[in-house]
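Subject: Handover of a structure and findings

Dear colleague,

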Amino acid sequence: MSSGPEQSQGDLRGELEEDAASLKAATSGGLQTLDELLSWQRNTANPFNVATIPLAVREPPLARSTRRTMVSHDMMGGYLDDRFIQGTKSEAPYAFYHWQYIDIFNYFTHNLVTIPPAVWSNVAHKHGVIVLGTFITEWTEGSKVCEEFLKDAESYRSVADKLVQISYHHGFDGWLINIENSLSAEAVRNTPLFLRYLTDQMHLRRSGSMVLWYDSVLKDGKLQWQNELNTKNSLEAMAADDDIVRDRQADIYVGVDVFARGEVVGGMFDTNKALKLIRDHNFSAAIFAPGWVYESLHDKTEFRKNQDKFWALLSDFLYTHRTITPLPFISSFCQGFGKAFYWRGQLEGWSSSWFNPGAQDVQPLYIQDPGQLKMCGCPEDAWSGGNSLLLEGLILSTSPDKVCVRVFSLHVPLATRSLMTLVFKQSIGIKVSLKLSWIKGQTTGSESPVALHGADQQVQKLDQLIGDQSPSGWTVRRYLLDLPGCVLREVEVWVQREGDQDMQFTCRLGEIMDPTEEVQGVCIEDVVWLRDTSDSSDGSAPKTLRLSATLRWHYPPQLWCHFRLYWQKLRGPGPHVPSDPRVPVGRAYSTLFRVTELEVPKPPALLELVVEPVAKEGFIIPESLWGRCRLSYTEDQT
């Protein structure tokens with residue numbers, strides 16, 4: 001809404017302890033004990049660690065994928081920088097961004113119950129990848145837990161019901177069940193019944209959900225890793241029930257430990273050898289701890305090189321899927337971290353090194369051609385977010401004069417007429433053009449659209465809305481696509497040398513445009529006031545007043561890149577005192593944000609909290625479409 005009613009918050013006072021709890025709520029974490037799990041309640045659960053982006057439809061559907069790939073993100077105990085739901089400052093974080101190669105993302109820690117951070121669930125869902133939490137019991141303490149909850153049907157159903165509720169509340173898609181301890185005969189009998197009940201209940205509550213079982217326990221209850229599915233550890237052997245597991249190789253995930261612990265084939269930069277064996281036998285693959293590419297480095301700033309090398313080596317044995325994406329489609333290739341934050345080619349004034357996986361845009365293919373083409377994220381310069389997509393390569397004089405770079409494989413139904421924008425910055429001596437592949441029914445085709453000229457009426461109208469879009473050497477090129485009823489399938493960039501000599505080139509890339517709308521329903525909740533008593537030793541200085549509060553609002557998820565939040569003093573203490581300048585509060589990557597210990601004017605005063613949507617399309621959204629909510633307060637209310 002463009003303006004909101006003044007809200008008196010006298011009935012929303014809170015204590016310091018409540019504010020400390022609200023600070024903790026902006027982080028994610030797991031559950032340590034069975035009592036914690038069984039006492040979990042939705043009305044007291046973390047409202048911030050909830051995925052807000054639904055699982056994108058993909059092609060082919062996961063159910064029809066015959067050789068799937070799961071990543072189990074088991075890294076340094078988990079809940080590192082990624083536990084901060086609103087992002088954090090981080091000089092050299094780990095991030096996963098090769099989403100096109102995987103089908104399932106499992107967040108793994110050694111907590112009894114691992115709840116995936118919502119930042120990972122959101123970005124995985126954006127790419128059509130399902131997210132699994134982890135339920136794990138281990139060693140002596142794990143045996144005690146299992147004997148308690150697997151003693152009878154009522155007990156295992158109580159645990160399963162809580163796991164279903166947790167998954168549903170936090171917006172992820174299922175569980176990896178990992179029992180790594182010995183079991184009694186009774187617990188062995190109840191284990192497959194627990195798994196079947198959990199699976200059935202998950203399917204009832206969440207379409208497309210999944211429950212996976214890790215095979216470390218034998219039918220006699222002993223803990224003994226088999227490194228295979230056999231008559232000793234299969235659920236059929238434990239349950240004598242052929243309906244427990246479907247007889248499909250796609251449902252069997254052969255694990256690869258990237259750290260290469262034990263007597264294994266492959267691992268580290270030889271993980272591709274293990275993956276080849278798995279695919280030769282038509283099984284699905286589970287890649288455990290690919291964070292090795294980060295943990296093994298002394299200089300963590302070199303992480304991107306290791307990450308890209310690792311996944312390029314695996315690419316021959318991985319199968320990409322297309323995410324079905326409605327317009328507008330947009331990607332500035334942001335990987336969710338950077339040395340600074342850019343917007344329309346310019347550094348944001350409050351930028352520093354940062355990390356927020358939820359800030360990831362739809363990721364490209366990251367195709368590598370050693371000696372000819374390198375494709376990677378580059379934080380040194382960007383159009384929007386933390387990095388650009390850097391293309392580096394060599395066009396030989398003895399080869400054709402241009403190279404084709406396949407950037408996206410996707411599924412985007414086009415409007416009757418679609419406006420596409422490519423933002424790029426290239427080195428001297430090359431030309432950059434675009435090639436699109438499409439499908440309409442059974443017909444396929446491709447075209448190289450011609451860029452619109454600056455004198456074009458639509459370009460001029462767009463320039464009036466967007467303003468200067470060519471700062472700092474960036475080129476903004478627009479194309480009008482007239483492909484009614486077509487589905488965009490491939491986006492390629494062609495780089496052509498202008499002379500007849502060998503040409504080293506670099507090129508950074510850009511975006512697609514569409515309209516926007518108004519921020520709706522901004523409201524303030526959970527207000528807590530805190531007076532700072534440390535301003536002076538004798539108490540003569542006025543006490544600083546600090547505000548913590550939760551902001552919520554509504555805005556179509558397909559339209560925004562992120563939100564900027566501000567606050568402003570409108571008046572006070574007298575009605576003739578003019579409004580103060582607007583002050584930045586932070587950036588949000590969901591429609592929920594916790595303002596924490598914001599220093600505000602002493603009462604009485606009237607504040608306005610402002611939500612500015614930053615459009616995926618690059619439009620500067622008029623202030624009349626921003627969201628606002630006012631907060632008035634007096635001395636006795638704080």
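Predicted model: local features only at pLDDT ≥ 70, side-chain atom pairs only at ≥ 80, totals over all residues.

Residues are numbered from 1 along each chain as its sequence is written, and side-chain values use heavy atoms, with hydrogens and water left out.

The chain as a whole

The chain holds 11 helices and 32 strands; helices (H or I, at least four residues) and strands (E, at least two) are DSSP runs, numbered from the N terminus. Of its 638 residues, 54% count as buried, where buried means under 20% relative accessible area, exposed over 50%, and partly exposed in between (1.4 Å probe, protein chains only). The accessible surface of the chain comes to about 27,800 Å², and 51% of this belongs to carbon and sulfur atoms; such areas come from the Shrake-Rupley method with a 1.4 Å probe, and for residues only the protein chains shown count as cover. Among contacts between residues at least 6 apart in sequence, 79% join residues at least 24 apart, a contact being heavy atoms within 4.5 Å.

Strands of a sheet pair through backbone hydrogen bonds, either parallel or antiparallel. Here, two strands are said to pair if DSSP finds at least two bridges between them. Strand E3 (residues 69–74) has five of its six residues buried, so it is largely enclosed by the rest of the structure. E3 pairs in the parallel sense with strand E10 (residues 284–288) over four bridges, and Val71 has Ile287 in E10 as its bridge partner. E3 also pairs in the parallel sense with strand E4 (residues 104–108), over five bridges; there, Ser72 is partnered by Asn106 in E4.

Antiparallel sheets

Five strands form an open antiparallel sheet in the order E16-E18-E25-E20-E23. Strand E16 (373–378) and strand E23 (475–481) stand at its edges with a single partner strand each, so one side of each is left without a neighbour in the sheet. Neighbouring strands of this sheet are turned by 30° against each other on average, direction ignored; axes are lines fitted to C-alpha atoms, for helices over the stretch in contact, and angles run from 0 to 180 degrees between N-to-C directions. Within the sheet, strand E18 (residues 388–395) and strand E25 (residues 503–508) are joined by six bridges, with Leu394 opposite Gln504 in E25.

Another open antiparallel sheet has three strands in the order E26-E27-E30. Its edge strands are strand E26 (520–532) and strand E30 (592–600), each of which pairs on one side only. On average, neighbouring strands of this sheet are turned by 20° against each other, direction ignored. Seven bridges join strand E27 (residues 544–554) to E30, and Arg546 stands opposite Glu599 in E30.

Strand E21 (residues 430–440) is joined to strand E24 (residues 487–497) by 10 bridges in the antiparallel sense. E21 also pairs antiparallel with strand E22 (residues 443–447), over five bridges. Ile439 takes part in both pairings: its bridge partner in E24 is Val487, and Thr444 stands opposite Ile439 in E22. E21 and E22 form a hairpin with two residues between them, and Gly441 in the turn has a positive phi of about 65°.

Helix H6

The 21 residues of helix H6 (residues 185–205) should span 30 Å at 1.5 Å a residue, and the end C-alpha atoms are 31 Å apart, which agrees; the expected span is 1.5 Å times one less than the number of residues. A kink of about 30° lies at Thr191, shortly before the proline Pro192; the bend at a residue is the angle between axes fitted to the seven residues ending there and the seven starting there. The buried residues of H6 include Thr191, Pro192, Phe194 and Tyr197.

Two single residues

Ser121 lies in helix H3 (residues 118–126) and is buried, with a relative accessible area of 0%. Not counting residues up to four places away in sequence, Ser121 touches Ala51, Pro116, Val131 and Phe172.

Leu592 is found in strand E30 and counts as buried at 12% relative accessibility. Leu592 and Trp553 are 39 residues apart in sequence and 6.9 Å apart in space, C-alpha to C-alpha. Residues touched by Leu592, not counting those up to four places away in sequence, include Pro47, Phe48, Gln86 and Trp553.

With kind regards
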